[in-house]
Amino acid sequence: MGRALGRRPHGADRPRQVHRAAGAVRPGPADRPGDAVTSAATVAAVPGRGHWVRGVVQDVAPPGVDDLAPGYLDPALLPVELLADAAVRALATYGPAALSYGENQGALRLRALLAERAADEPSPAGPEHVMLTAGTSQALHLIATTLARPGDVVLLDEASYDLAQRLFTDCGLLLRRLASDEGGTSVTALDEAARAVRAEGRRVAFLYATPTFHNPTGRTFSRTRREELLSVAARHGVLVVEDDAYAELLLDPGEPVPSMAGIAGHRGVLRLRTFAKTLAPGLRLGWLSGEPGLVGRLAAHGLVQSGGALNHTMSMVVTRLLEDGDYDRHLPVLRAGLRERRTALLKGLASQGACGWTATPSRGGFFLWLECAPGLPEEELLAKAFASRMRIAPGSRFGHAGPTAVRLSYAFNPPGLLERAGRRLAAHLHDPARHQEGRGSC
Ligand SMILES: Cc1ncc(COP(=O)(O)O)c(C=O)c1O
C-alpha cells in the first residue's frame with residue numbers, strides 16, 4: 001500500500017485537517033488574525049466545526065476563557081491525517097493480527113524499534129527491556145500496585161506532577177516531598193528521607209523523578225545530579241521511576257542529557273515514556289523500559305495476561321509510523337510548533353518589562369514556571385487571572401509551598417492567543433502600587 005501522506009483516505013467529513021506529516025502547521029480555524037475569539041476552548045462551542053468537542057474530550061475551560069493550564073497539545077498540533085493514514089497501512093500490513101490480542105509485553109517489532117530509539121543512550125537496550133503500556137499513567141499504576149504495598153512511601157520533588165501524586169495516593173501509597181533547587185532534587189534530601197522512612201518502620205516504594213523538562217518547573221537535572229541521585233538511591237536500595245514524558249521535546253540547540261536509566265545501565269531504574277506528548281494523548285500508548293527481570297514481573301500482571309498487550313491495535317498503527325519514518329518527520333514539525341508558542345508566550349509576558357516575575361523557560365517540554373515577586377499571594381493572582389477570563393495552574397496544585405509560582409503551558413493554545421494572554425498576565429504581575437510599597441521588586 002502506498003504511503004500517501006497528507007491524503008484523506010476516503011474523503012471523509014472528518015474535522016478540518018491542520019497538520020501534515022512533513023509539512024507546515026497550518027493555522028486552525030481558531031487562530032486566524034482578527035478572530036474575536038481564538039482559544040481552543042472556543043472551538044468547543046461549535047460542535048462539529050472544530051476539533052474540541054465537549055462531551056468527547058476531557059473538560060476544558062468554558063468558551064471565551066483562555067486556558068494556560070492544560071498540559072495537552074493544541075488541537076491544531078494533533079496529527080489527525082498522519083494517524084488516519086497509518087491506521088490504513090497497519091491494517092493492510094498486519095491484517096487480523098492487528099486486531100487480535102497482542103503479545104503480552106507488546107508486539108516484538110515495536111519493542112525493538114523503541115529500544116533502537118535509545119541507541120544513543122549510554123547503555124544499549126533490547127526488546128526484552130521494553131514493555132508497551134497504555135501511557136505513563138497506566139505504567140505508574142502498574143508499578144504502584146505491583147512493586148509497592150499500601151502504606152509504602154513514594155519520595156518525590158516538593159513540586160511534582162499533580163496527577164501522579166493523586167494516582168499514588170489512590171493506590172494507598174504515602175507521599176514524602178523532597179526539597180529541590182535549580183539543579184533538581186536535592187541529593188541530601190533524598191538521603192535523609194530514605195533514612196527517615198526506614199527509621200519509621202516503613203518501606204520506600206520508589207523515588208518518582210522527572211529529571212528532563214520537569215512538570216511543573218521545566219527543570220532538567222544535570223548528568224552529575226542524576227549520577228548523585230542514582231548513587232544515593234542504589235545505596236538505599238530504592239527503585240527510581242524516571243518519568244520521561246517530555247524526553248523527545250528538546251526545543252533548544254544542544255545535546256539531550258542522558259536518561260537516568262541509561263546512566264545506570266537500567267539497574268534499579270524504570271523509565272517511562274509516552275506518545276501522549278509527541279503524537280496524541282487519546283492514543284493512550286506508551287512504553288516502559290528496565291531490567292528484563294523487573295519488566296517481566298510487570299508483564300506477568302493479570303491485566304496483561306487477560307487481554308494481552310495494552311492498546312495492541314493502536315500500537316500496530318504506531319509501529320507503521322516508526323517503521324516508515326513518519327514519526328521522525330513529525331517530531332521536528334511538532335517541536336517547531338511548540339517553539340513558536342513558547343516564544344509567543346514569553347513575548348507577551350515581557351510586554352511590561354521583566355517586572356514582578358521571573359521565568360526560567362524550560363529547554364523543552366510544555367511548561368514555563370513563573371515565579372512572582374515576593375508579596376503577591378497566590379489567591380490574589382488567581383482571582384485577577386479569573387476576572388480577566390484566564391486560567392492558570394497555581395504552584396500549590398503541584399505541592400509547591402514557597403513564594404507564589406504558577407505553571408504556564410504553551411502547548412495547548414495557538415501563538416496569537418498565548419501572546420495576548422501573556423500580556424494580560426504580565427499586567428497583573430506588574431503592580432506599581434505594590435512595588436511602591438516596597439513589597440515587590442522591579
Ligand atoms: C510528567 C508527566 N507524566 C505523565 C503524564 C501523563 O502521561 P500519559 O498521558 O501517557 O498517561 C503527564 C501528562 O501531563 C506528565 O506531565
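The ligand sits in the largest pocket of this predicted model. A pocket is an open set of points on a 1 Å grid over the protein atoms alone, with protein on both sides within 12 Å along at least five of seven lines. To sit there, more than half of a molecule's atoms must lie within 2 Å of the grid points.

Residues are numbered from 1 along each chain as its sequence is written. In this predicted model, local features need pLDDT of at least 70 and side-chain atom pairs count only at pLDDT 80 or more, while totals for chains, interfaces and linings use all residues; side-chain values use heavy atoms, without hydrogens and water.

The shell around the ligand (a heavy atom within 4 Å) includes Gly 135, Thr 136, Ser 137, Tyr 161 and Asn 215. It divides into 4 nonpolar, 5 polar and 2 charged residues. Tyr counts as nonpolar here, and Gly as polar.

| Residue | Ligand atom | Distance |
|---|---|---|
| Asp 243 | nitrogen | 2.6 Å |
| Tyr 246 | oxygen | 2.6 Å |
| Lys 277 | oxygen | 2.8 Å |

The protein covers 90% of the ligand's 400 Å² of accessible area (Shrake-Rupley method, 1.4 Å probe).

Now for confidence. Mean pLDDT (the predictor's confidence in each residue, from 0 to 100) is 87, and 85% of residues reach 70 or more. Residues 1–50 have pLDDT below 50. Residues 436–442 stay under 50 too. Where pLDDT is low, predicted coordinates should not be read in detail.

Methods:
Polar contact = N/O pair within 3.5 Å; in protein donor to acceptor, adjacent residues only side chain to side chain. 1 Å grid on protein atoms, 1.4 Å probe; cavity = no way out; pocket = protein on both sides within 12 Å on 5 of 7 lines; lining within 4 Å. Contact = heavy atoms within 4.5 Å.
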